[in-house]
Amino acid sequence: MIKRKIFAAVVAAIFFAVNFSTDAAPSVDKKTSAPIKKSVWQPERKIGLLSGLTQITFQMSEPCIMTDPDTKKVIQKIEKDKPFTIDFASMKTEAVEVRGEKVELKDLQVAINGKKYFGGVRVNKNKGALTIINLIPVEEYLRGVLPEEMLISSHPEALKAQAVAARSYTLKNVGRHKTDGYDLCDNTHCQTYEGVSSVSPTTDKAVLETRGEILYFNGAAALTPFHTDSGGMTESNENVWGTKFPYLQPAEELNKQTEEWTVKLTKTDFSERMGANFGSLQSITLSNLLIGRSAADRTQSGRVKFAIVAGSKKTFKMTGIEMRKKFSLPSTLFNVKVQSGEVIFEGFGRGHGVGMSQHGANAYALAGWTYDKILQHYYKGTEIKKLY
């Protein structure tokens, strides 16, 4: 047991290095040619679920132990399937963790206010209220992520590409919500996670068949953002979030002008959203959209860099990202016109446009591409490595 703990600690230390090390090729069964798993170890993550509560009720699928995570002192034992409540006013420690007494996290489920999640739970006292955190192994977490992030009817190779991208994102973004006490949130700011309720055999298969695989670039774990549909060409990370990555550059799609959309506003509504010092809308100046064609006011993919928005009191140079946020546009791949008292945005795609397009990945899979080829297309120069 001691040797196992030492081994796990060493593995974890290597894993959390800034540049992840590359695993040696796994042994292969000579009869089946299938990889032989040397270990069932996998990393854990803390997923923020709820906050601002004064009381929370749980129910565990197996007998568990509640501990103080700082002192490791056992606070109490929790019976299987018996609801128990934690109240802010009566909670005597800054945090508690609930894990299985005899089972691992991967074999445990917790019901929180009736909703089931894989793994255990942690409760933090934070800013005068309780924060509820799911303690979960990465592979079980992905089982609850994949069906929410991609259509389960997608091609199996596209789902496998999504599994690797989501796993890479999970491992690369450890501590993204460190100030809140957890690694990732459960919504679109990080990755949408719905726990046990969304699990599907189709997506489970994609997770299992890519177990432990993540993308690397020059020996370090790659950042792997993804989105619903690029509209015809993906965007560079630099144009959206300011940092240039060689592997996050525009990638062409099989299909152009996909996910077509229209957003209309009255000139009055538009002007009010621009603020009191804008006045009434006079004009919007923006070059015509050609997907894959840049211009002074458009990026290489055709997305809007900026538009000149003139009001009766003031003229603004607005970025495409600012316009998308202010007017709730599905993407920055759009044209805009002012006519008959209306402002009409017409565009394509859905999402920020960086990294893998899920609709595009499915199109390539239907065309016969394997998941590794799809990933290398959207994350240029990366390679898949098996971390565990």
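**Around cysteine 190**

Modeller: Happy to! The sulfur of cysteine 190 has its closest cysteine sulfur in cysteine 185, and at 3.3 Å that is too far for a bond. A disulfide calls for two cysteine sulfur atoms within 2.5 Å, and the structure holds zero of them. This is a predicted model, where local features need pLDDT of at least 70 and side-chain atom pairs count only at pLDDT 80 or more, while totals for chains, interfaces and linings use all residues. Residues are numbered from 1 along each chain as its sequence is written, and side-chain values use heavy atoms, leaving out hydrogens and water.

Cysteine 190 is buried, with a relative accessible area of 7% (buried is under 20%, exposed over 50%, partly exposed in between, using a 1.4 Å probe and protein chains only). The C-alpha of asparagine 173, 17 residues away along the chain, is 8.7 Å from that of cysteine 190. Asparagine 173 is also buried, at 13%, and sits in the loop between α3 (156-172) and β11 (184-185); helices (H or I, at least four residues) and strands (E, at least two) are DSSP runs numbered from the N terminus. Setting aside residues up to four places away in sequence, asparagine 173 touches Asp183, Leu184 and Leu223, where contact means heavy atoms within 4.5 Å. A polar atom of the asparagine 173 side chain also lies 2.9 Å from the backbone oxygen of tyrosine 169.

Technical notes:
Polar contact = N/O pair within 3.5 Å; in protein donor to acceptor, adjacent residues only side chain to side chain.
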